[in-house]
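Here is a short report for a reader new to this structure.

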Amino acid sequence: MKSLKIMGAALLLSTMMTGMAQAKSLVYCSEGSPENFTPAMNTTGTSLDAARPVFNQLVQFVPGTTQVEPGLAEKYEVSADGLTLTFHLRKGVKFHSGVNGFTPTRDFNADDVLFSFNRQWKADHPFHKVSGGAFDYFNDMGMPDLLASIEAPDPLTVVMKLKAPNAPILANLAMDFATIQSAEYADFLMKKGTPEQFDQIPVGTGPFSFVEYQKDAVIRFKANPDYWGGKQKVDDLVFAITPDATARYGKMQAGECQIMVAPNPADLDAMSKDGNINLMQQAGLNIGYMAMNAQKPPFDKVEVRKAIAMAIDRDAILKEVYQGAGQKAKNPIPPTMWSYDKDAKDIPYDPAKAAEMLKAAGITSLDTDLWWMPVQRPYNPNAKRMAEMMQADLEKVGIHAKLVSYEWGEYRKRAQAGEHQMALLGWTGDNGDPDNFLAVLLGCKDGKPNANNIPKWCDTKFQDDVNKAVTLTDPAERTKLYVDAQRIVDDQVPWLNVAHSTVFEPVSKKVVGYKVSPLGSHVFTNVDVTE
């Protein structure tokens, strides 16, 4: 009997070890820590990437493209007048169980869709102010003014009515702010007295469920066995938070991660020759810029902003910071995007003329700040070095810039609040539409800048152009308005267009099925790791 027990135990151990040996892990070396795990509350790629494995939207982008396909809605219709969108929801979609004791008692339905949009839209919603209640994307995309109603005629149908036609609405709804969360989970936490856990311990319908987050170190997910799109090919997904690019590359070389973000431009040549690495690349749908706060004198004067732009040697920045992995920007949208103004004239580098213009504006010496981001982003591989080079250029024309930085989440919040005088930032497009750059990044409502309008600049004619363009369906007519809007920006110089980068992503040759997204997102659905 004893020998049988020993044999049984040995067999059990052997089976467990075999199961463990068969478990597959995909490790992604990310660049920073998320602010939270609710996409509707975030605008940075770092935070959105961290939540994306857990969630779905009604519609979604085909991986590696800007093409929209069904998501939690198995099909949808748009009325002939463009004012009514009807979404038919998938049956039998399961929510994850939470690591805090939550177990769903029902499948996904229309209540979850209404909850997710109304939380952002309605000030009296019980979760509107939980975790601070900042829904910048929803507001900057103009959703409060666009939506007339969202209703559920039955549990598997959602009808969204608009006040005006909106050309990019389906692409907008594939974005992360339109993520669908569990109304039942929110109710569970409210009754438990811990509603703030809703945004820190995510529960979704996505391909992976949340396991744990060790701040500034690691995020762990496991494959969702009930995922409506089919169980994933890897069992575990791990975000190894590694802020330093050199350290990320070291982990790639050691086999500790299979995909990494934002390599150092100086390492690209070595990566391209590494037999274990597939160096994927794509022209970035992005812009790196230096914003000048138009609400703080003397940056409220266009001649001062132009002089500052002329004082900065962007060719030197392209050479040293981007090391050839990008191109100098002359417009606020990238040349890979439709409606790009190819005839725009770039601002020349002319420090002598810049000094002359500053003197004419009454400025011979100026103390200011220049903020630089503490993280690498695809649109700016080394913000600190860029700031140092700009600081040196500005010093030559009598502008004394103090370099300032903060922790990434704090940096973003302070910049959105307009605390800076000059600040480096950038953007990667979310949906392939010019509106996502022009309206979101430089738009205003009732003369008040959007949260993501870091220059804090408003122009009535510019706003009229982008407001009208979004209501039209003819691309040619929209293009005319967007070209005019770009020319207003080029004339007013709310920010210095610095560069459009080429996005490089080192991926282990053991990885199968991964696609570089033109939208800057990192999506691990249906990705496999071979032995």
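## Two helices that cross

Axes are lines fitted to C-alpha atoms, for helices over the stretch in contact, and angles between N-to-C directions run from 0 to 180 degrees. The model is predicted. In it, the axes of helix 15 (residues 435-442) and helix 16 (residues 460-469) come within 10 Å and cross at roughly 140 degrees. That angle makes helix 15 oblique to helix 16. The crossing of helix 15 past helix 16 is left-handed.

Asp435, Leu438 and Leu442 of helix 15 meet Phe462, Gln463 and Val466 of helix 16. The residues of this contact comprise 4 nonpolar, 1 polar and 1 charged.

## A covered helix

Helix 10 (residues 302-311) is mostly covered, with 7 of its 10 residues buried. Among them are Val304, Arg305 and Ile308.

## Salt bridges

The count of salt bridges is 28. One joins aspartate 528 to lysine 24, with the closest N and O atoms 2.9 Å apart. Aspartate 528 lies in strand 22 and lysine 24 in the loop between helix 1 and strand 1, so the pair ties together parts 504 residues apart in sequence. Aspartate 528 counts as buried, at 16% relative accessibility. Lysine 24, at 22%, counts as partly exposed.

Arginine 412 forms a salt bridge with glutamate 35, the closest N and O atoms being 2.5 Å apart. Arginine 412 is in helix 14, and glutamate 35 is in the loop between strand 1 and helix 2, 377 residues apart. Both arginine 412 and glutamate 35 are buried.

Note on methods:
Residues are numbered from 1 along each chain as its sequence is written. This is a predicted model: local features need pLDDT of at least 70, side-chain atom pairs count only at pLDDT 80 or more; totals for chains, interfaces and linings use all residues. Side-chain values use heavy atoms; hydrogens and water are left out. Helices (H or I, at least four residues) and strands (E, at least two) are DSSP runs, numbered from the N terminus. Angles under 35 degrees count as roughly parallel, over 145 as roughly antiparallel, 65 to 115 as roughly perpendicular and the rest as oblique. A crossing is left-handed if the near helix is turned anticlockwise from the far one by less than a right angle, and right-handed if clockwise. Contact means heavy atoms within 4.5 Å. Ala, Val, Leu, Ile, Met, Phe, Trp, Tyr, Cys and Pro count as nonpolar, Asp, Glu, Lys and Arg as charged, and the others, Gly among them, as polar. Buried means under 20% relative accessible area, exposed over 50%, partly exposed in between (1.4 Å probe, protein chains only). A salt bridge is a side-chain nitrogen of Lys or Arg within 4 Å of a carboxyl oxygen of Asp or Glu.
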